[in-house]
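Me: I've just opened this one up and I'm new to it. Can you walk me through it and tell me what the terms rest on?

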Amino acid sequence: MTHMTMRRRGVLRAGAAGLLGLGVQSIFPAWAHSGSHGLRAELPTLTGQDIRLRIAHDMFKVGGRAGHAITINGVLPAPLIRLREGQNVRLHVENALDEDTSIHWHGLILPFHMDGVPGISFPGIKPGTTFTYEFPVKQSGTYWYHSHSGLQEQIGHYGPLVIDPAGAEPAPYDREHVIVLSDWTFLHPHQVMVKLKQKGGYFNRQKQTLLDGTMTAAERANWGRMRMDPADIADVNGSTYSFLINGHGPAENWTGLFRPGERVRLRFINASAMTIFNIRIPGLPMTVVQADGQHVRPVETDEFQISVAETYDVIVTPTADQAFALIAETIDRSGMARATLAPRLGMVAPVPALRPRPTLSMRDMGMGGMDMGGGGTCAPEHAAMGHCTPGQPAAAMQHSMRDKASVPASVDVGVGVDMIAPMPVDRTGDRPLGLEKEPHRVLTYHDLAPLVPFHDTRPPARSVDIHLTGNMERFMWSLDGRKMNEGAEPIRFERNERVRVNLINNSMMNHPIHIHGHFFELVTGQAHGHPVKHTVNVMPGGKASFDLTADAPGDWAFHCHLLYHMHAGMMNVVKVRPLDDGGAA
Ligand SMILES: [Cu+2]
């Protein structure tokens with residue numbers, strides 16, 4: 001590969017002065033002009049009725065190193081696709097790889113055979129062929145698109161998609177920036193998977209040796225006896241990942257410009273394979289106006305956590321002629337993506353240090369108030385159930401986390417399930433993991449109120465429980481103990497039925513659960529109404545329920561959006577019947 005194929009920012013750094021001197025800068029797209037003090041804010045943008053995308057092998061450069069990437073139209077992240085509600089769109093996708101590929105339009109309401117999941121909704125796109133997606137654009141908001149083939153998403157196959165409303169914008173703004181968050185590794189993604197399989201905590205343990213622990217020796221010993229790791233918060237982390245904003249590493253300081261006094265809309269998209277981020281802009285409150293592309297009542301906050309595959313739109317109004325740091329710290333504090341908002345290029349703001357690494361609590365293990373580090377006290381209800389013996393917390397934990405009687409018989413508790421959080425509770429009102437004690441405001445799902453009521457006001461006619469299960473040590477992940485490729489029965493919904501789905505997280509990890517082709521109402525129990533989403537982060541040892549109107553006939557993917565969890569089997573098919581032709585297959 002020559003440096004000319006290193007996209008997005010490799011080009012100029014590789015030899016800008018010489019090349020420009022030779023008058024060949026016209027071969028570089030405008031976005032590659034970085035200068036020495038921050039990069040242009042614009043993303044390459046595609047609009048109109050006919051959009052052409054070419055998926056190809058490429059090189060990507062970050063932190064002075066180059067690695068193999070899959071890019072779309074030569075850029076990482078892929079171009080911004082900008083549509084308008086009410087239009088039709090044809091997206092011609094050429095596969096220039098030597099393997100199958102696909103594009104899934106994340107969060108879009110469309111006919112199922114345009115959804116782009118190989119083996120579920122279409123056959124995939126063969127090498128050397130072009131597939132044309134065509135559908136009417138029925139919604140507005142911030143979305144994204146990505147591969148649903150193998151592990152391609154990890155190496156660059158993702159991009160932002162913004163749909164402007166047909167009518168007035170309910171959350172007006174003067175300027176906007178699209179902020180695509182992602183994670184990049186120079187390891188081949190199949191190597192990442194192999195390492196996770198060899199040792200579920202491979203990357204975590206690698207990192208732990210680099211960080212000072214905050215636990216006492218006794219606490220450490222307790223967790224050790226349980227063969228559990230309270231710092232097991234992210235499977236893959238900063239020990240291998242570079243965290244990117246719009247394709248730029250933290251040192252590259254991607255800069256979004258503003259004029260003091262402007263209302264600046266930031267469209268955050270978490271396009272990571274595996275990384276949950278905590279977002280804050282020190283000194284600048286953020287007003288959340290959209291979640292997952294759906295308008296919410298404006299709510300001001302100082303920090304929010306964005307799980308993988310979620311989107312949040314916020315509006316900030318910086319009035320001072322100064323730079324602000326945009327900090328996306330990873331959930332396990334092993335690294336950060338960082339950008340700058342500034343009135344002029346070249347300005348920087350102080351970058352705060354990574355905060356101390358959080359550790360899991362008993363609540364994260366589905367054990368409510370049990371407190372393991374405090375010398376073995378436990379909540380009366382747990383003691384009464386034999387789940388906790390004061391003074392012997394490790395023994396009690398070990399007992400109850402392995403108690404397979406705490407899930408119903410419908411859950412297959414074979415080798416793929418090594419621990420079961422015994423008493424998951426609704427955590428949609430909890431502050432996200434690690435942000436419990438922050439002194440400032442932190443967004444929770446309970447803060448999200450829909451701007452307009454959901455169109456279907458029927459109460460659910462029935463409910464379905466789905467357990468989020470796994471064996472962390474062997475990196476096996478499943479729904480109800482069954483892996484996608486090992487005979488999991490599809491989840492069946494009657495067309496137009498209203499159903500409550502209870503996601504019960506029996507594991508100690510966060511799982512962002514996503515359903516294709518539908519939005520759901522996240523049940524928060526709040527009087528201001530339930531937010532409408534396509535992805536919900538289910539906290540460790542937690543529960544989350546959503547009410548779904550199964551109004552999209554077809555076969556749809558339903559999965560954890562952590563790429564390697566999905567790849568390990570944490571996925572199923574949702575079948576909504578009958579089809580438009582009356583078919584029931
Ligand atoms: Cu998961």
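Reply: Let's start with a term: two strands count as paired if DSSP finds at least two bridges between them. Keep in mind that this is a predicted model. In the hairpin of strand 23 and strand 24, four residues sit between the strands, and Phe475 takes a positive phi near 50 degrees.

Me: What makes strand 23 and strand 24 a pair?

Reply: The cut-off is at least two bridges, and four bridges join strand 23 to strand 24 (residues 476-479), so they pair, and they run antiparallel. As an example, Gly470 has Trp477 in strand 24 as its bridge partner.

Me: And in which sense do strand 23 and strand 26 pair?

Reply: In the parallel sense, over seven bridges, with strand 26 covering residues 498-505. There, Val464 stands opposite Val501.

Me: Why is strand 23 called largely enclosed?

Reply: A residue is buried when its relative accessible area is under 20%. Strand 23 (residues 462-471) has ten residues and seven of them are buried, so the rest of the structure largely encloses it.

Me: Okay, now the metal. What makes His511, Cys560 and His565 donors to the copper ion?

Reply: A donor here is an N, O or S atom within 2.8 Å of the metal. The atoms in question are ND1 of His511, SG of Cys560 and ND1 of His565, at 2.0 to 2.1 Å, so they qualify. Water isn't among the atoms, so the site may look incomplete.

Me: How are those donors spaced in sequence?

Reply: The pattern is H-x48-C-x4-H. His511 lies in strand 27 (residues 511-515) and His565 in helix 7 (residues 563-568), so this pair ties together parts that are 54 residues apart in sequence.

Me: Are those two histidines buried or exposed, and how do you know?

Reply: Set the values against the cut-off of under 20%. His511 has 0% relative accessibility, so it counts as buried. His565 is also at 0%, so it counts as buried too.

Me: What makes strand 27 "mostly covered"?

Reply: Five of its five residues are buried. His511, Ile513 and Ile515 point one way from the strand, Pro512 and His514 point the other way, and all are buried.

Me: Which strands does strand 27 pair with, and how do you know?

Reply: The bridges tell you. Four of them join strand 27 to strand 30 (residues 535-538), running antiparallel, and there His511 has Val538 as its bridge partner. Three bridges join strand 27 to strand 32 (residues 554-560), also antiparallel, where His514 is partnered by His559. Both counts meet the cut-off of at least two bridges.

Me: Why are strand 2 and strand 7 said to stand at the edges of their sheet?

Reply: That open sheet has five strands in the order 2-5-10-9-7, with mixed pairing. Strand 2 (45-46) and strand 7 (104-106) each have a single partner strand, so one side of each is left without a neighbour in the sheet. Elsewhere in that order, strand 9 (residues 141-146) and strand 10 (residues 158-164) are joined by six bridges and run antiparallel, with Thr142 opposite Val162.

Me: How do you know that the buried residues of helix 2 are on the same side?

Reply: Those residues of helix 2 (residues 189-198) are Pro189, Val192, Met193 and Leu196. They cover an arc of only 95 degrees around the axis, which puts them on the same side.

Notes:
Residues are numbered from 1 along each chain as its sequence is written. This is a predicted model: local features need pLDDT of at least 70, side-chain atom pairs count only at pLDDT 80 or more; totals for chains, interfaces and linings use all residues. Side-chain values use heavy atoms; hydrogens and water are left out. Donors are N, O and S atoms within 2.8 Å of the metal (3.2 Å for Na, K and Ca); water is not among the atoms, so sites may look incomplete. Buried means under 20% relative accessible area, exposed over 50%, partly exposed in between (1.4 Å probe, protein chains only). The arc is that of the directions from the helix axis to the C-beta atoms.
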